Amino acid sequence: MKKNYLAIMISALLLSGCVSQTSKIIPQQTNATSTQKVSAESALEKNENDNTPVSISENSLKAESIQYLGAFLLPDDGNSEQMMFSYGGEALCYNPQNSTLFITGHNWYTYIAEISIPTPKDEKDLTQLNQAEVIIPFTDIKGDFFSEWSMEIPRVGLEVVNENLFFCFGQHFEDDTPRATHGYTSLDLINTDKVCQVSDYLYATNDYLFKIPSKYIDAFNGSDLLTGRFRDGGWSGMGPGLFAISSIDIMNANTGDKISASTLINYDTSYEGDFGSMMNGYSHADSITGGAFVSCESGDSIIFAATHGFGDTWYGFSNGVVYPTAGDENETYPDVPPYPHNQRGWWNNDFRASFIMYDPTHLEKVLSGELEANGVQPYAIVDLSEYMIADRDETDMQYLGGCAYDIENNRLYVLELFADEDKPVVHVFTFGN
């Protein structure tokens, strides 16, 4: 098996309630035969502000243990938008019952399909990649539960636990009204009959959804699922939100019930300004679209799939035109630039596909009260650019979609959006020494 060492950005870390605004980045060189690797354990840097040393557990997964196996193509589109893999990829999960994947299709509909997993190839030429096959065609598992929401820019999480597919749905703009967001269906995708609410945190819980390994369930107070969300601009918190919940609670709840959730990562939102607690290296333009609790012989890590901004951030348009956000009536609002620069949002001049890695033992410390949920920090941000297939330009703001982890075979599946014309491509990673 070919082993590829990634270009790794390891941030200086702070394990207290205060978060550094000046986290140092240590780049790792990629020539494995002639350079000394910089591991997470060796980067015991001190924060410039308070001299707090970085520390991670001995069993944390080393960033340089990530290995790339290759990629494969999704099946061909069907004959309608509801049956399209194109414009999809918001969510992905592994089904251990069939050794398959569940995936969302076109984002206007977010129907779910089950697909096979062909052998990945380390090739950039799409014609050389193997193609998955459809096992279960696209199916609408939402029913009427989310009919009042506008779902053009949806948020979706999927995860298989035992004999059921658990899910959560969200929309781009959400008001203060409590919403039922989480539910489950059978693995044949035909039996959704209720949805429940998770916590009161606006924008923070209804996107990614992934399993807690069995050896950690007791440490997470019996919870077996992690759920969360990242909303650009800091609306959900200036970094990924993460909460522990129970699949049994979801199954036992009635429609509209609120189930309990343990807060694990919860940075300050930007509603009160941009100077609260935040993830080291945070950018308002970041996009965090999936997560996985990786646990293997090489170690454990909670890994988020992200499009991370390493450069300058602004709100406005991709050509650099800034749109005012202060709400001052005297502000001058610029004209909307012509296509393709007419999409308004948060932008960064150095977006890269990335993994953001957290030590699970830090989340245990949050549960025990030793660490605040707004003080947890990632120990590595891993640049995946060399493995991406699509050519990107300044009008692209989101590179990655959902991700899924197969704990039995130690495989992490990650969607690269718009890599096969309008369809995602599935990249496959593993973890070893």
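A cavity is a set of grid points where a 1.4 Å probe fits but cannot get out.

**Figure 1. The largest cavity of the predicted model.** A search of the whole structure finds 1 cavity of 30 Å³ or more. The volume of the largest cavity is about 60 Å³. It is lined by 13 residues, of which Leu-92, Tyr-208, Leu-209, Gly-290 and Cys-403 are the closest to its centre. At least two lining residues come from each of strand E8 (155-161), strand E12 (208-211), strand E17 (287-296) and strand E23 (400-406). The lining of this cavity divides into 7 nonpolar, 5 polar and 1 charged residues.

Figure 2. Two or more lining residues are given by each of E17, strand E20 (345-348) and strand E24 (411-420). E17 supplies the largest share, 3 residues. By class, the lining of the largest pocket comprises 20 nonpolar, 16 polar and 12 charged residues.

Figure 3. The class counts for the second largest pocket are 18 nonpolar, 4 polar and 5 charged residues.

**Figure 4. Pro-178 in the loop between strands E9 and E10.** The loop that holds Pro-178 runs between strand E9 (164-170) and strand E10 (182-186). Pro-178 counts as exposed because its relative accessibility is 58%, and the cut-off for exposed is over 50%. Val-198 is 20 residues from Pro-178 in sequence, and the C-alpha to C-alpha separation of the two in space is 9.3 Å.

**Figure 5. Residues 1-54 and the confidence of the model.** Over residues 1-54, pLDDT stays under 50. For this segment the model has 133 contacts beyond four places in sequence. Where pLDDT is low, the predicted coordinates should not be read in detail. For the chain, the mean pLDDT is 87, and 88% of the residues reach 70 or more.

Definitions and conventions. Residues numbered from 1 in each chain as written. Predicted model: local features only at pLDDT ≥ 70, side-chain atom pairs only at ≥ 80, totals over all residues. Heavy atoms only, no water. 1 Å grid on protein atoms, 1.4 Å probe; cavity = no way out; pocket = protein on both sides within 12 Å on 5 of 7 lines; lining within 4 Å. Points joined across faces, edges and corners; volume = space filled by probe spheres on them. Helix = DSSP H or I, 4+ residues; strand = E, 2+ residues; numbered from the N terminus. Nonpolar A, V, L, I, M, F, W, Y, C, P; charged D, E, K, R; others polar. Buried < 20%, exposed > 50% of the residue type's maximum accessible area, 1.4 Å probe, protein only. pLDDT = per-residue confidence, 0-100. Contact = heavy atoms within 4.5 Å.
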